[in-house]
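Student: Hi! I'm new to this one. Could you walk me through it?
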Amino acid sequence: MPGPLPKPDAERRRRNAPVIPTTDVPASGYAGEIPEPVEELSELAHRYYVKAWQSPAAAAWLTIGVEAEVVAEWALLKADVSAIRRGGEVPAPALLSQLKALADALYLSPLARAKGRIKVVDDDVEELELAGAMVPGRR
């Protein structure tokens, strides 16, 4: 087709650029030290607690000042809901609502991350290869 060639992506100007800045977090998750929970957790709740701290969302918690007790509360609720479901029962809607509200506040769901302008970015491919991780598309 006639006309000028399209500009490279780096030279393009977005007319609808987001007004609110985004926070980039690594896809590999939070690599810092996991704080001790403020209260005693069951084995299952402790696993959820550690898993939450290893998620990409945990890297954003430092910028917004999330305290360890909020993460522990989410882990306790998640463990309770899991135990209720394993028992063959249906958790109370209020419990599920509270769990979802905490998960959203902690950016643990993709929708909550989108609303909070949290962007999960790929880690540096060379760093991953040096660490011995499998990188798609590379041998």
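Student: What does the secondary structure of the chain come to?
Tutor: Six helices and two strands; these are DSSP runs, helices being H or I with at least four residues and strands E with at least two, numbered from the N terminus. This is a predicted model, where local features need pLDDT of at least 70, side-chain atom pairs count only at pLDDT 80 or more, and totals for chains, interfaces and linings use all residues. Residues are numbered from 1 along each chain as its sequence is written, and side-chain values use heavy atoms, leaving out hydrogens and water.
Student: Which pattern does the chain follow along the sequence?
Tutor: Read that way, the pattern is β-α-α-α-α-α-β-α.
Student: Switching topic, how many of the residues are buried?
Tutor: Buried residues make up 28% of the 139 in the chain. Buried means under 20% relative accessible area, with a 1.4 Å probe and protein chains only.
Student: And which ones are buried in α1?
Tutor: Leu44, Ala45, Tyr48, Tyr49, Ala52 and Trp53. Their cover includes α2 and α3.
Student: Which residues touch the most other members of the largest nonpolar core?
Tutor: Tyr48, Tyr49, Trp53, Trp61, Val71 and Trp74, out of 29 residues in that core. A nonpolar core is a set of buried Ala, Val, Leu, Ile, Met, Phe, Trp, Tyr and Cys residues joined through side-chain atoms within 4.5 Å.
Student: Which helix gives the most to this core?
Tutor: That's α3, with eight residues.
Student: What is Trp74 in contact with?
Tutor: Setting aside neighbours within four places in sequence, Trp74 contacts Tyr48, Ala52, Leu99, Leu102, Ala103, Leu106 and Leu108; contact means heavy atoms within 4.5 Å.

Terms used. Buried means under 20% relative accessible area, exposed over 50%, partly exposed in between (1.4 Å probe, protein chains only).
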